[in-house]
Amino acid sequence: MKDVIIIGAGPAGLTAAIYALRAGKSVLLLEAKAYGGQIINTPEIDNYPAMPHVSGFEFASKLYEQAMSFGAEIVYEAACSIEDNGGTKTVTTTKNNKYEGKAVIIATGAKNRPMGLDREQELIGRGVSYCATCDGMFYRKKEVAVFGGGNTAVEDALFLSQYCAKVYVVHRRDKFRADASDVEKLRARENVEFVLDSTVTRLIGEEKLSAIEVTNKNDGSKREIPVSGLFVAIGQMPDNGAFADTVDLDEKGYVASGENCRTKTSGVYTAGDCRTKEVRQLTTAAADGAVAALAACGDM
């Protein structure tokens, strides 16, 4: 029996572990793959307070080591269900192991929706990125592209247009889903070019990205655009379906929760990118982890 079981060992989950352990609670982390979450793919972090110029892997490693030094236990198994027993919870994994805890924190994060192109994973950190605010400054005075048409894509393009020589915005439709006011701001930027009714169909480059191929979905014509960076913003994919019987999920599959990180089920909490929220950043993931852990400890 553990006091707190945390599902996910990304920044939110590891921060939650640190706070729960410092409150004198026993903690078990269940992680499906490897600790650190999405941040391990970021070459350099410059927007986390007091930790400039640190790689995502180094940041995650330090966070992991800190949690382990306080006595956290980690098991590399994917959680597939949470059973509410009232005062305790049972978490079952895909290996059919069962773990008992007084509280559970869901911190499974969210995956960036991939394009599904050849060499996409290989070029992450070498020209392909899913976070403009994380990696945009590495492309200062260079030409880049943003793929997407929602708020995130338009906000990314606005951000990049302040620093990059040129920004191509590739969108599969002729109209944007983003807020109209932001789209108009983007249209006013002289270094932004719209490539509409088109999708990215090929990544070009050897050791790093040098160009993208875009295909017009109406006439099938192809165009090769030289760029140093491609920022993919075609949505995220939470993976919370296994917990739908225990917590409410919104229409996109995120765990329904307010800023207190509590869910509809007493003793079950959520933290980080897997929950409903407007801002998904490293700092907000860490903040959620602290809030969820303190709520869990306070409710015991």
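## Strands, helices and salt bridges in a predicted model

L30 stands opposite V75 in strand β3. This is a predicted model, in which local features need pLDDT of at least 70, side-chain atom pairs count only at pLDDT 80 or more, and totals for chains, interfaces and linings use all residues. Residues are numbered from 1 along each chain as its sequence is written, and side-chain values use heavy atoms, with hydrogens and water left out.

Helices (H or I, at least four residues) and strands (E, at least two) are DSSP runs, numbered from the N terminus. Two strands pair if DSSP finds at least two bridges between them. Strand β2 (residues 27-30) and β3 (residues 73-75) pair in the parallel sense over 3 bridges. β1 (residues 2-7) and β2 also pair in the parallel sense, over 4 bridges. There, I6 stands opposite L29 in β2. The chain crosses from β1 through α1 to β2, and this β-α-β crossover is right-handed (with the strands pointing away from the viewer, the path from the first strand over the helix to the second runs clockwise).

Buried means under 20% relative accessible area, exposed over 50%, and partly exposed in between, with a 1.4 Å probe and protein chains only. In β2, V27 and L29 point one way, L28 and L30 the other, and all are buried.

An open sheet of 5 strands runs in the order β8-β15-β9-β10-β11, with parallel pairing. β8 (128-129) and β11 stand at the edges with a single partner strand each, so one side of each is left without a neighbour in the sheet. β9 (residues 143-147) and β10 (residues 166-170) pair over 5 bridges. K166 in β10 is the bridge partner of E143.

Helix α4 (residues 151-161) has 8 of its 11 residues buried, so it is largely enclosed by the rest of the structure. Among the buried residues are F159 and L160. Contact means heavy atoms within 4.5 Å. The buried residues of α4 pack against α3, β9, β10, α5, β11 and β15.

**Helix α6**

Helix α6 has 18 residues (282-299). At 1.5 Å a residue, they should span 26 Å; the end C-alpha atoms are 26 Å apart, which agrees. The expected span is 1.5 Å times one less than the number of residues. The buried residues of α6 pack against α1, α2, β6 and β17.

**Salt bridges**

The structure holds 16 salt bridges. Each has a side-chain nitrogen of Lys or Arg within 4 Å of a carboxyl oxygen of Asp or Glu.

| Pair | N to O distance |
|---|---|
| K62 and E58 | 3.4 Å |
| D84 and K89 | 2.5 Å |
| D288 and R275 | 2.8 Å |

K62 and E58 both lie in helix α2, 4 residues apart, about one turn of the helix. D84 is partly exposed at 42%, whereas K89 is buried at 0%. D288 is buried at 4%, and R275 at 1%. E259, R275, K277 and D288 are linked in a network of salt bridges.

D197 lies in the loop between β11 and β12. D197 is buried yet has no salt bridge; the nearest side chain of opposite charge, K217, is 4.2 Å away. Lys and Arg count as positive, Asp and Glu as negative; His and the chain ends are not counted. G87 is found in the loop between β4 and β5. At 57% relative accessibility, G87 counts as exposed.
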